[in-house]
Amino acid sequence: MRILNTRSAALVMAFTLLLSCNAVKNANKTQKGATIGAAGGAIIGGIIGNNVGDKNNTALGAILGAAIGGVAGGYIGNRMDRQAERIEEEIPGAEVTRVGEGINVTFNEEAGVYFDTSKSNVKGTSAETLNKLAGIFKEYPDSYILVEGHTDSAGADDYNMKLSEQRAKSVTNYLIAQGLDASRFNTKWYGETQPKGDNSTKEGKAMNRRVELAIVASDELKKEAMQKAKQ
């Protein structure tokens, strides 16, 4: 599991103004959620989220923008720690990043969720991976899931946008078909506009043909966390 490294000057500045570098370095994942929240709560979460979202990673922006912070944020972070560990246990190929009060999961061709060329139907290994993921989501019903579709740069822009839409919806619909509540999901797509790798290389294109998930606390979990924080 990875802890997010900040990659933009705006984020570094925000953290520098509000947090001691040693405090962040020495804190565990749950403590980081509480410390960041105590320093600014949902307002800072929104500022950081907007900056990340503008830097070609809307999944991370959604996670950070949903933060409530403080002791309640630490409570949520503890729940997310455990859910992230379960995803890593069941799906070792997935790239799992714990950040703030949520989880970012990236699936590509090497991580168990892939599609045939120009296709969007879930089958084979992809179905097995999503079955495992659905089981984990059932274990942790107090979370919302953003599903994002992305492509490489091969083909026309409008074609890639449509293909990423079809693939993202295909993943969402498959998970719902496993018995998950449709109200937990939000589905978006970005075509080739948010590359993670170099589209001039075979390896980079493979990284860009992906589905990403942002997992955040549900409204019910946030209420529970706030109540615990008051006790």
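Modeller: In this predicted model, a cavity is a set of grid points where a 1.4 Å probe fits but cannot get out.

Colleague: How many cavities of 30 Å³ or more does the structure hold, and how much space lies in the largest cavity?

Modeller: The structure holds four cavities of 30 Å³ or more. For the largest cavity, the space comes to about 100 Å³.

Colleague: Which residues lie nearest the centre of the largest cavity?

Modeller: The lining of the largest cavity has 13 residues. By class these are six nonpolar, three polar and four charged. Those nearest the centre are Tyr 114, Phe 115, Arg 167, Arg 209 and Arg 210.

Colleague: Which element gives the largest share of that lining?

Modeller: Strand S4 (143–150), helix H7 (157–177) and strand S6 (210–217) are the elements that give two or more residues to the lining of the largest cavity. The largest share is three residues, and the element it comes from is H7.

Colleague: Turning to helix packing, how are H5 and H6 oriented to each other?

Modeller: The axes of helix H5 (residues 70–90) and helix H6 (residues 124–139) come within 10 Å and cross at roughly 155 degrees. Angles over 145 degrees count as roughly antiparallel. H5 is therefore, relative to H6, roughly antiparallel.

Colleague: What is the handedness of the crossing of H5 and H6?

Modeller: At this crossing, Gln 83, Arg 86, Ile 87 and Glu 90 in H5 meet Lys 132, Leu 133, Ile 136, Phe 137 and Glu 139 in H6. The residues of that contact divide into four nonpolar, one polar and four charged. The crossing of H5 and H6 is right-handed.

Colleague: How many nonpolar, polar and charged residues are in the contact of H5 with H9?

Modeller: The crossing of H5 and H9 is right-handed. H5 contributes Val 71, Ala 72, Tyr 75, Ile 76 and Arg 79, while H9 contributes Leu 221, Lys 222, Glu 224, Ala 225, Met 226, Lys 228 and Ala 229. By class, the residues of this contact are eight nonpolar, no polar and four charged.

Key:
Residues are numbered from 1 along each chain as its sequence is written. This is a predicted model: local features need pLDDT of at least 70, side-chain atom pairs count only at pLDDT 80 or more; totals for chains, interfaces and linings use all residues. Side-chain values use heavy atoms; hydrogens and water are left out. Axes are lines fitted to C-alpha atoms, for helices over the stretch in contact, and angles run from 0 to 180 degrees between N-to-C directions. Helices (H or I, at least four residues) and strands (E, at least two) are DSSP runs, numbered from the N terminus. Angles under 35 degrees count as roughly parallel, over 145 as roughly antiparallel, 65 to 115 as roughly perpendicular and the rest as oblique. A crossing is left-handed if the near helix is turned anticlockwise from the far one by less than a right angle, and right-handed if clockwise. Contact means heavy atoms within 4.5 Å. Ala, Val, Leu, Ile, Met, Phe, Trp, Tyr, Cys and Pro count as nonpolar, Asp, Glu, Lys and Arg as charged, and the others, Gly among them, as polar. On a 1 Å grid over the protein atoms alone, a cavity is a set of points where a 1.4 Å probe fits but cannot get out, and a pocket is an open set with protein on both sides within 12 Å along at least five of seven lines; lining residues have an atom within 4 Å of a point. Grid points are joined across faces, edges and corners, and a volume is the space filled by probe spheres set on the points.
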